[in-house]
Amino acid sequence: MSRESSKKTERKQQIQKKKRILVCSVAVLLIAVLAGYLVISGKIMPQKENSGDTQVYDDPAALLEQYYSYISKGKYKKMYQMLDEESRTSVSRKDFTKRNKNIYQGIEAEDISLRIIDTDIDKSGGDSAAVLYEVTMDTVAGEISFQNQTVFGKLPNTDGSGHRYGISWDDSMIFPDLTAKDRVLVSTKKADRGDIFDRKGRLLAGEGTASSVGLVPGRMNKDSSQDIAKMAEILGVTVQSIQKKLDAAWVREDSFVPVKTVEKLTDLEQMTEDPGEHVEQKMQRDAALLEIPGLLMQDTQVRQYPLGRAAAHLIGYVQQVTAEELKEHSGEGYSESSLIGKSGIESLYEKELKGRDGCEILLIDSEGRTKSRLAGIDKQDGTDIYLTIDAGLQEKIYEIFQEDKGCSVAMHPYTGEVLALVSTPSYDSNDFVLGMSEEDWDALNNDENKPIYNRFTQKQCPGSSFKPIIAAIGLKTGAVNPQEDYGNVGFSWQKDASWGSYYVTTLHTYSPVVLENALIYSDNIYFAKAALNIGQKALQKELKKLGFHKKIPFDLSMAKSQYSNSGKIESEIQLADSGYGQGQVLVNPVHLAALYTGFVNGGDVIKPFLLYRKDGQAATGGEVWLPSAFVPEQAELLKNALIQVVASEHGTGHEAYREETVLAAKTGTAEIKQTAEDEDGTELGWFAVFTADKEEKKPLLLLSMAEDVKGRGGSGYVVEKDRQILDYWFR
């Protein structure tokens, strides 16, 4: 054996393996004035030497553990102090800090754990040691785990008492394959947001193309102030906002600096011989913009809402996530550039629609080639959502009511599928995606017609549209006999003199005054008497069973219907007024529409729903929300009476009559007054109509409400509007 080999063998025998053992014992504090050591259970903990900031360890494993504990805390200066003299000569503290910070923060390293596998220490008086260990950390691209080995230099302490270790550092300590010339790249693959479709596959929200309008500085006039002012005026932005974008640090002469995203003028629109006003405006806008030197228009992908105003309150819109939302949704994969659903279906199904971005951490060499993939998460595109909505019906209802303040709910009366949900007036969801100027935002918020206000989620006074519900309760409790004649008392009535000057009034007189006629003529007096017969306690009890003062089991959050502000009917007059949908009765439109399904389903009230299909699974429908809400025979009796509201020439809903379709309906005109003496109050008009024949090929339940119908025909105004919608539906 050679002399050199003999020495190596001898050296290997002298180096013994030892495991690091943590011992918990009673702490004994000793003060060593010269050495400055803190001794715990015989293990020397870090101290600073008099000559500098170097930390002192006699155990390389302990030194390594401390080093890794500093990474997640961002204490890179302390990490640098733990390096040996040779390492600190080869890399400056500034470069060391920059390198480690950029990598660890760039990959979002968290929960870094270290497991010591083995420690080799030269016991022959040499100056080296080696620790074999495993590192595990969570990152933006998933978990990274690797084994590594770090070498330690061994130097005597300045006071001659013992020795200390320092880390022999190079880039491979970050990742084993990393060299000084390599870089760590975090690559993100954006997930596609899921689309929203109607029941027939028509797009309600999805990917579309818009025009990004921007400037290329090198192509602009030297004095571009007038050009920028013109651009600002056309786009509805400020000169200052454009200049700020141009002054950004990243901008170069050949950079495209986006200023605003606008609705794209399509090739088809440009070829149209008779463009509408909206298309004409886009054509004029683009022509004016393209006259500006240095201006460029590029296609860009955006979230698009084809139905625009017709479905804005239902579908909602997306916008860039805010700092507050990033904090709220921490750990859910959002970044500063992420879009998030702000309202409607976009917000309700944000988790499903969003998907998950793909991400991978790569080691890239100096030639730009991938050396290795440290971690990766495959992107998962968002789930497509199919709603029960019929886009054509949704658009038609909006078209008919767009100038009114109101709302409509259309349902399949046997399955509970919501076919349309419309609130008018409306806004365009696309405006939020493309970017809205402060002036436009203020105009939208200050509009007295409240286009942002979602009326189908609110609760309103139902007026006479509530009478069938009171009739059903009266029949169920035995308080109302449908054949009993209440007698013709004229156009006004009060129970007795205790009501003072208060009277219940009605618009029609007729005979006999029985339940069916009371519904046909919409007699307030009859239903005031019916409510008194039912009684306060019984009425409250039955209304609670019908979901009043309770959360409505529906996809979107709805206001709770109520029969009283306080949860209790306080007086006899309030009870009488409640009988014809006045008093303090307020009903959510979706709730009221659902209650009407009880008249065609043997007394069972069907649960309304919006989600038609997700992940390829079709909705079943027909789920009962309130079983036996009405007595079956009595539900049939009321359905037949509501058929006469349309079929009878005296019926308040007769204008909706159709020869080929059996319809049942109820009108309602609700008075909205500040006080009982108020003569300038407004009126809400209601109309609830549904197909009454089980064999009907296109079943429909439609409930509409319009505000400010006083002087415009009351509920008759709404009947006429709904008749046009029915014409479309059965066409």
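A salt bridge here is a side-chain nitrogen of Lys or Arg within 4 Å of a carboxyl oxygen of Asp or Glu. Keep that in mind, as several of my items rest on it.

A word on the source. This is a predicted model, in which local features need pLDDT of at least 70, side-chain atom pairs count only at pLDDT 80 or more, and totals for chains, interfaces and linings use all residues. Residues are numbered from 1 along each chain as its sequence is written, and side-chain values use heavy atoms, with hydrogens and water left out.

First, the overall picture. The protein has 24 helices and 28 strands; these are DSSP runs numbered from the N terminus, helices being H or I of at least four residues and strands E of at least two. Of the 731 residues, 49% are buried. Buried means under 20% relative accessible area, exposed means over 50%, and partly exposed lies in between, using a 1.4 Å probe and protein chains only. The protein exposes about 35,900 Å², and carbon and sulfur atoms supply 47% of that; the areas come from the Shrake-Rupley method with a 1.4 Å probe, and for residues only the protein chains shown count as cover. Among contacts with a separation of 6 or more, 67% are between residues 24 or more positions apart, where contact means heavy atoms within 4.5 Å.

Now the salt bridges. How many does the structure hold? There are 34 salt bridges. One of them joins Glu-572 to Lys-495, with the closest N and O atoms 2.5 Å apart. This pair links distant parts of the chain: Glu-572 is in helix H21 (residues 572-578), while Lys-495 is in the loop between strand E20 (492-493) and strand E21 (504-505), 77 residues apart. Both ends are partly exposed, Glu-572 at 31% relative accessible area and Lys-495 at 43%.

In helix H24 (residues 715-730), Glu-720 and Arg-723 are 3 residues apart, about one helical turn. Asp-727 and Arg-723 are 4 residues apart in H24, again about one helical turn.

Elsewhere, Arg-193, Asp-195, Arg-303, Glu-346 and Glu-350 are linked in a network of salt bridges.

Next, the inside. Helix H19 (residues 524-534) is largely enclosed by the rest of the structure, because 9 of its 11 residues are buried. Among the buried ones are Tyr-526, Phe-527, Lys-529 and Ile-534. What do the buried residues of H19 pack against? They pack against helix H17 (467-477), E20, E21, helix H18 (515-520), helix H20 (536-545) and H21.

H21 also holds Ser-578, which is buried at 1% relative accessible area. Leaving aside neighbours within four places in sequence, Ser-578 is in contact with Phe-466, Ile-470, Leu-539, Tyr-563, Ile-569 and Val-585.

On to the surface. Glu-108, Glu-110, Asp-111, Asp-138 and Glu-143 gather in a patch of negative charge. Patch members have over 30% relative accessible area and no salt bridge, with like charges joined within 9 Å, and nonpolar side chains (Val, Leu, Ile, Met, Phe, Trp, Tyr) within 5 Å. Lys and Arg count as positive and Asp and Glu as negative, with His and the chain ends not counted; a charge is placed at NZ of Lys, CZ of Arg, CG of Asp or CD of Glu. Glu-108 sits in the loop between helix H5 (93-106) and strand E4 (110-121) and is partly exposed at 48%. Asp-111 is in strand E4 and is exposed at 59%.

Last, some backbone points. Asp-111 has a phi near 50°, a positive value in a residue other than glycine. Asp-708, also not a glycine, has a positive phi of about 55° and is found in the loop between strand E28 (701-706) and H24. The peptide bond from Thr-424 to Pro-425 is cis, with omega near -5°, and Pro-425 is in the loop between strand E19 (418-424) and helix H15 (429-434). Ser-511 and Pro-512 are also joined by a cis peptide bond, omega about -5°; Pro-512 lies in the loop between E21 and H18.
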